[in-house]
Amino acid sequence: MTTLQARPTHTGLGNALTDHLTMIGRCVRLTRRNTETLIMSIALPLLMMLLFVYVFGGAINTGTQYVNYVVPGIVLLCTGYGAAATAMAVANDMTTGVIDRLRTLPIRGSAVLTGHVVASVARNALSTTIVVTAAVVMGFRPRAAFAEWLLAAGLLLLYVLALSWFAAGLGVIAKSVESASALSFVMLFLPYLSSAFVPPHTMPRFLRGISEHQPITPVIETVRGLLTGTPIGANGWIALLWCTGLLAAASTFAAWLFRRRNAV
Amino acid sequence: MRMTYAFKRTYYALGEPVIVEAEGLTKSYGTTTVLDGVDLHVRRGTVFALLGPNGAGKTTTIRILTTLTRPDAGTARVAGHDVVREPTKVRGAISLTGQFAAVDDQQTGRENLTVVGRLMHLGGPAARRRAVDLLDRFDLRDAADRRVKTYSGGMRRRLDLAMSLVSTPEVIFLDEPTTGLDPVSRTTMWDAVRDLVAAGTTIVLTTQYLEEADRLADTVALLHEGRVAVSGSTDAVKARVGGHRLDLGFTTDHDTTRAAALLSARRTDAPLALGLPSDGTATHQHHVLDALRTAGIPVATISTHRPTLDDVFIAFTGGQSPTSPDQAPLDLVTATPYAEDLA
């Protein structure tokens, strides 16, 4: 062997693409093989749906079949679990030697987080499909046309993307995998303070304020409207604004945190 | 640029080119000074060992040389490139095997290697070929398609090193490469290092095992309180401690303490024992024994031996050698997760 082998160059668009694709491939592979996390992020929302539809649902008056009311909320709850797993995966990379290895390779730093975010979106797409299919089995009867399905899927995709970047940012600042899991609590809790499970007008005044002005409610109302025909009103635009705003803020913030953490 | 001139001067003055050179590196985390002016140079194709007790700044030095941490002051060049101004060029010429094995447990050995090959921009087929070569070389062929979580500690460490070699780097940094390995895995690791050096690669390693430095290193530098306390070839460094060491054993702690004061000698790792530099002659032994007899301190045992790196360590740090079981307590309050010696 010789050490005088010609070195490949490390700049250019093609290499940037390779870096990103390689990191995405790695993260998807790791996600697929981390069976416990994958099962949990699908099983928990399913259990919650069973619980709400068959246990609490009978006592909650939403003016419609409860299963039709609750599905969008369960889908967003599901994303929360998926994003928590992303925060933990990023934290795992950041707190083990992996990040040092990656950083001593001549690659773009952004590829590290992008890999996790894309894997997160893929995992959420899978779990959402499973949850919606299960809901149909349980009596969920959406009345959406194809275009409405597409719009709902598009909005959810945007929301998942924003939440995944947010989770990636949490993973970067977390000091350990456990603390990343603890930090993601907010993403698991927020859906309960929204219109996901009960109409906000049944809540005490101050909670209603939180519920009506947090990002999850307009996203849920829009998805619910698109799928089951409830009125959407201004929620569509508000949801879109929240999601794009969150996406821009979270991705910028995560990238900034990543550079800062690595600049010691 | 004054520094550039200084580097060039060193580069041409030495017979063999210097591939790693640092001048006046300093680094603090909060109020804790980790490095306080570290100078070192490593010649191409040699093994350089950085020694020091926990918290001496070994890992921080490695992190600066591998572009992971910016120094507060001072300059460092690796393979001809400045680590702060040209980090990408440095990264193209080096590899790092850190204290923590940087392997993905949920990927197979082959996948771990292929990912690094792709990130080194070898291209798919070349990355896969390189993975096969390295799996063969590090005796991992049978485990190639098993997930790393099923590997033993030695196998993980070998895979970790293999991942550092995907790109045939000019300089390989190994931060405590054999810590926690069983003796057989350690020997395998040492063989791998020797093979690399034989092929012309430069190795910079840190170790807590002075025996490791003794066996592998051409030159050593002993870090103490953020500075290089002593450096040079292992023989030259040992010679600075004195030709021989005289060990004296006593029967009571009281005698040991009195003798230590009388002879200005240090306690060794063994209980009730003192070690002091000696020229190895009978005359010196007589001299010491006479002094003890006059003071009325009975001596139980006496022996001489050539100094080891442990003696160098004790002489220059004034503390216990890192191989002794009774280590200084770890500094648990660290300013950042990358502060010195988390392990």
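## Cavities

In this predicted model, the search finds four cavities of 30 Å³ or more. The largest cavity has a volume of about 90 Å³. Its lining comprises 13 residues, and those closest to its centre are A:L105, B:I94, B:S95, B:M163 and B:S164. Strand β6 and helix α6 (153-164) of chain B each contribute at least two residues to this lining, with β6(B) giving the most, three residues. By class, the lining of the largest cavity holds seven nonpolar, four polar and two charged residues.

The second largest cavity has a volume of about 80 Å³. Chain A lines this second cavity with A:R26, A:V98, A:R101 and A:L102, and chain B with B:A102, B:D104, B:Q107, B:N112, B:V115, B:V116 and B:M163. At least two lining residues come from each of two helices, α4 (98-103) of chain A and α4 (109-119) of chain B. The lining of the second largest cavity divides into six nonpolar, two polar and three charged residues.

## Strand β6 of chain B

The strand that gives the most residues to the lining of the largest cavity spans residues 94-97 of chain B and is covered on both faces. B:I94 and B:L96 lie on one side, B:S95 and B:T97 on the other, and these four residues are buried.

β6(B) pairs with strand β7 (residues 171-175) of chain B in the parallel sense, over four bridges. Within this pair, B:S95 stands opposite B:I172 of β7(B).

## Salt bridges

Over all chains, the structure contains 19 salt bridges. One of them joins A:D93 to A:R26, with the closest N and O atoms 2.9 Å apart. A:D93 lies in helix α3 (residues 66-95) of chain A and A:R26 in helix α1 (residues 13-33) of chain A, so the pair ties together parts that are 67 residues apart in sequence. Both A:D93 and A:R26 are buried.

In chain B, the side chains of B:D82 and B:R85 form a salt bridge with an N to O distance of 3.1 Å. B:D82 is buried, at a relative accessible area of 5%, whereas B:R85 is exposed, at 56%. A further salt bridge links the side chains of B:D290 and B:R293, at 3.0 Å from N to O. Both residues lie in helix α11 (residues 282-294) of chain B, three residues apart, about one turn of the helix. B:D290 is partly exposed, with a relative accessible area of 35%, and B:R293 is exposed, with 63%. Elsewhere, salt bridges that share partners join A:R26, A:D93 and B:D104 into one network.

## Transmembrane annotation of chain A

An unreviewed UniProt entry lists residues 38-57, 69-91, 112-137, 149-173, 180-198 and 237-258 of chain A under "transmembrane region". In the model, the span 112-137 of chain A is 100% helix and 0% strand, and its end C-alpha atoms lie 39 Å apart. Residues 149-173 of chain A are likewise 100% helix and 0% strand, with 36 Å between the end C-alpha atoms.

Technical notes
Residues are numbered from 1 along each chain as its sequence is written. Chains are lettered from A and ligands numbered from 1 in the order in which they are written. This is a predicted model: local features need pLDDT of at least 70, side-chain atom pairs count only at pLDDT 80 or more; totals for chains, interfaces and linings use all residues. Side-chain values use heavy atoms; hydrogens and water are left out. UniProt positions are given in the numbering used here, feature names are shortened, and annotations may be inferred rather than shown by experiment. Buried means under 20% relative accessible area, exposed over 50%, partly exposed in between (1.4 Å probe, protein chains only). Two strands pair if DSSP finds at least two bridges between them. On a 1 Å grid over the protein atoms alone, a cavity is a set of points where a 1.4 Å probe fits but cannot get out, and a pocket is an open set with protein on both sides within 12 Å along at least five of seven lines; lining residues have an atom within 4 Å of a point. Grid points are joined across faces, edges and corners, and a volume is the space filled by probe spheres set on the points. Ala, Val, Leu, Ile, Met, Phe, Trp, Tyr, Cys and Pro count as nonpolar, Asp, Glu, Lys and Arg as charged, and the others, Gly among them, as polar. A salt bridge is a side-chain nitrogen of Lys or Arg within 4 Å of a carboxyl oxygen of Asp or Glu.
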